[in-house]
Amino acid sequence: STPAGEVRLPLPPQKLTAENVLRLRGAADAMALRLKHHNSTIHARRMPSGKDAIDAYNAMEQTRAEALGVEQFQGVAQNISLALEQRLTLEGYGLARTHIQIQMGDALKVLIHDRCGGFKLGPTCKHVKELFEAEYGEKLDAHLDALKAALGNQKSYADVERQIIETLELEKDDGGRELDDEESEVGDESE
């Protein structure tokens, strides 16, 4: 276990390849951005209960932290973009024929990053986006716009995340627990 505010990166392999360095840089940036932009209390308040819904919710929150970093730092944009493309390629998503062959959280990551416009999608990410757009059409457009608008406000963003989870029929939104004033001030950057 690590103390609060600390993370552990995967150990680099003995032989560092460009691919390994890319994966490590992307992982380091993603973890650092989560430390900087994530409030676990706010996150827990709107946490769904079903596994697929939890996976989607966590992926969308991680993408929020990444998108904030991508807006601020060009190098982060490149690291996150290339690491995401590499990971999705290794998952075999470039060969997927239907959206069912792709984890919902991974697809949402691609759709959110694409909507936020911080970096260009690679070929595998574009393929994932096309498969999900073919399945869901414009069903998620308003939600993705709302996520982009709420990037700096984790509480509002979490509310939209739950709307997406309900729209995708992963779980009904129970409204979550209300935050008291003291809890809502912690880690919410734009209220």
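Modeller: A residue counts as buried when its relative accessible area is under 20%, as exposed when that area is over 50%, and as partly exposed in between. The structure under discussion is a predicted model.

Colleague: Why is E169 called exposed?

Modeller: E169 has a relative accessible area of 69%. The term exposed requires a value over 50%, and E169 therefore counts as exposed. E169 is located in the loop that joins helix 8 (154–167) to helix 9 (181–185).

Colleague: What makes the backbone of E169 worth a remark?

Modeller: The phi of E169 is positive, at about 60 degrees, although E169 is not a glycine. Most residues other than glycine have a negative phi.

Colleague: How do you know whether E61 is buried or exposed?

Modeller: The relative accessible area of E61 is 1%. Buried means under 20%, and E61 is therefore buried. E61 belongs to helix 3 (residues 51–72).

Colleague: Why is Q163 given the label partly exposed?

Modeller: Q163 has a relative accessible area of 38%. Between the C-alpha atoms of Q163 and H143, which are 20 residues apart along the chain, the separation is 7.5 Å.

Colleague: Where does I102 lie, and why does I102 count as buried?

Modeller: I102 is in the loop between helix 4 and helix 5. Its relative accessibility is 6%, and the limit for buried is under 20%. I102 therefore counts as buried.

Colleague: Which residues does I102 touch?

Modeller: With residues up to four places away in sequence left aside, I102 touches Y93, A96, A107, V128, L131 and F132. To touch here is to have heavy atoms within 4.5 Å. The C-alpha atom of I102 is also separated by 8.9 Å from that of G92, ten residues apart along the chain.

Colleague: How is the packing of two helices described?

Modeller: Two packed helices are described by the angle between their axes and the distance between the axes. For helix 5 and helix 7 (residues 141–149), the angle is about 65 degrees and the axes are 9 Å apart. The crossing of helix 5 and helix 7 is right-handed.

Colleague: Which residues make the contact of helix 5 with helix 7?

Modeller: Helix 5 contributes L111, I112, R115 and C116, and helix 7 contributes D141, L144, D145, L147 and K148. Sorted by class, this contact has five nonpolar, no polar and four charged residues. C116 is one of the contact residues, and Cys counts as nonpolar.

Colleague: Which residues line the largest cavity?

Modeller: The lining of the largest cavity consists of L111, R115, F132, E133, Y136, G137, L140, D141 and L144. At least two of its residues come from each of helix 5, helix 6 (123–136) and helix 7, and helix 6 has the largest share, with three residues. By class, there are five nonpolar, one polar and three charged residues in this lining. G137 is one of the lining residues, and Gly counts as polar.

Colleague: How many residues line the largest pocket, and which helix gives the most to that lining?

Modeller: The largest pocket is lined by 14 residues, and R23, G26, A27, A83 and R87 are those nearest its centre. Helix 4 gives the most, namely six residues. Helix 1 (18–37), helix 4 (74–90) and helix 5 (104–116) each supply at least two. Seven residues of the lining are nonpolar, three polar and four charged.

Colleague: What is the secondary structure of the protein as a whole, and how many of its residues count as buried?

Modeller: The protein has nine helices and zero strands. Of its 191 residues, 45% count as buried.

Note on methods. Residues numbered from 1 in each chain as written. Predicted model: local features only at pLDDT ≥ 70, side-chain atom pairs only at ≥ 80, totals over all residues. Heavy atoms only, no water. 1 Å grid on protein atoms, 1.4 Å probe; cavity = no way out; pocket = protein on both sides within 12 Å on 5 of 7 lines; lining within 4 Å. Helix = DSSP H or I, 4+ residues; strand = E, 2+ residues; numbered from the N terminus. Buried < 20%, exposed > 50% of the residue type's maximum accessible area, 1.4 Å probe, protein only. Axes fitted to C-alpha atoms, helices over the stretch in contact; angles between N-to-C directions. Left-handed = near helix turned anticlockwise from the far one by under 90°.
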